[in-house]
Amino acid sequence: MRPTDIRKPDYFHKVVDCQWACPAHTPVPEYIRLIAAGKHDAAYMVNWWSNVFPGVLGRTCDRPCEPACRRGRVEEGNGEKPEPVAICRLKRVAADNKGDLGAYMPKAKGGNGKRVACIGAGPASMTVARDLALEGYAVTVFDADPKAGGFMRSQVPRFRLPESVIDEECDFILDLGVEFRGGTRVESLKNLIGQGWDAIFVGSGAPRGRDLDLPGRREAAANIHLGIDWLASVSFQHIEKIGRRVIVLGGGNTAMDCCRSARRLGGEDVKVIVRSGYEEMKASPWEKKTRNTKGSRS
Ligand SMILES: Cc1cc2nc3c(=O)[nH]c(=O)nc-3n(C[C@H](O)[C@H](O)[C@H](O)COP(=O)(O)OP(=O)(O)OC[C@H]3O[C@@H](n4cnc5c(N)ncnc54)[C@H](O)[C@@H]3O)c2cc1C
Ligand code: SF4
């Protein structure tokens with residue numbers, strides 16, 4: 001039998017359940033220990049290296065690490081509903097209590113002579129940009145929108161994610177020397193390829209909601225909105241109010257954001273309509289719970 005090689009991160013991924021369950025394999029126990037020691041800057045940096053947007057994720061992550069947390073099993077004998085460690089919210093604690101990170105942030109390596117274009121400035125492209133800038137690549141990010149952030153900025157409602165958090169974490173990346181060309185939609189990949197980039201990363205996201213072409217849909221178009229288009233209009237303050245009675249079709253997290261935004265914009269009677277039962281609704285349990293406490297019904 002070969003001895004365990006603890007120099008390989010895979011070993012820790014597999015034995016630390018929460019770390020293995022996190023898509024970014026964030027070293028959860030390490031940063032929680034640092035928070036417990038009051039070292040918020042260091043805890044933030046452990047996250048930053050691993051998941052790039054700790055302040056954003058501390059507010060919005062779907063937290064697959066938490067159902068995997070051992071406390072949920074260890075505590076089984078101690079109570080009816082054993083709770084996992086609040087891993088996600090602790091990430092926010094580190095982000096909100098950190099100080100000036102100037103001394104911690106890495107510097108981009110000297111240029112390696114290669115140029116990379118990223119299409120889109122959402123979390124996918126920005127992550128590529130960060131990692132390549134640190135390896136010495138000259139990275140240029142194009143986005144049709146004037147500011148970086150993608151859906152983090154245009155979709156996630158401000159009451160869940162303040163814009164200052166997005167600005168700060170995008171700036172950490174741009175400050176590594178990444179060039180950002182906002183308000184620049186890439187219309188032709190052929191043209192871009194012709195500009196001699198060494199590589200092009202397409203991080204354009206999936207910005208299409210699903211329409212329902214039911215009888216009456218066209219006649220009532222003025223009062224029917226697609227979730228993601230409507231949320232973007234709310235986010236950019238093109239829409240500031242909604243009627244008194246609102247129906248939200250769908251039971252995923254986008255529907256929950258629509259539901260809560262509708263309540264905040266003046267909807268008094270907001271109903272969620274789903275084909276499935278309540279238990280089968282796709283939204284995360286805490287999203288469903290918040291919907292319930294905001295006066296909406298399904
Ligand atoms: C309502 C809603 C709520 C969500 N809430 C959460 C949440 O709480 N937690 C979570 O983890 N995820 C959430 N998500 C999902 C998350 O936003 C996406 O998974 C994530 O943003 C995808 O990142 P991305 O970089 O691939 O694309 P995007 O974030 O969509 O970014 C793509 C960018 O590319 C730009 N672009 C597209 N085409 C071009 C072009 N031709 N030229 C230039 N630029 C272009 C767009 O303007 C955009 O800025 C939510 C999604 C929605 C719709
Ligand atoms: S909150 Fe999200 S990013 Fe953080 S450890 Fe859990 S799954 Fe990973």
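The model is predicted: local features need pLDDT of at least 70, side-chain atom pairs count only at pLDDT 80 or more, and totals for chains, interfaces and linings use all residues. Residues are numbered from 1 along each chain as its sequence is written, while chains are lettered from A and ligands numbered from 1 in the order in which they are written.

Helices (H or I, at least four residues) and strands (E, at least two) are DSSP runs numbered from the N terminus. The 12 residues of α4 should span 16 Å at 1.5 Å a residue, and its end C-alpha atoms are 16 Å apart, which agrees; the expected span is 1.5 Å times one less than the number of residues. Buried residues of α4 include Ala-43, Tyr-44 and Trp-48, where buried means that 20 or more other C-beta atoms, placed from the backbone, lie within 10 Å of the residue's own, exposed 12 or fewer, and partly exposed in between. Among the elements covering them are α3 (28-36), α5 and α8 (87-97), judged by contacts (C-beta atoms, placed from the backbone, within 7 Å).

Just after α4, Val-52 takes a positive phi of about 70°. Val-52 lies in the loop between α4 (40-51) and α5 (54-60) and is partly exposed, with 19 other C-beta atoms within 10 Å. Gln-237 also has a positive phi, near 60°. This residue sits in the loop between α13 and β5 (245-249) and is exposed, having 8 C-beta neighbours inside 10 Å.

Ligand 1 is surrounded by 30 residues, the closest being Gly-120, Gly-122, Gly-150, Phe-151 and Gly-205; a residue is near if its C-beta atom, placed from the backbone, lies within 6 Å. Two or more shell residues come from each of α9 (123-134), α10 (151-154), α13 (227-235) and α14 (253-264).

Definitions and conventions:
Contact = placed C-beta atoms within 7 Å.
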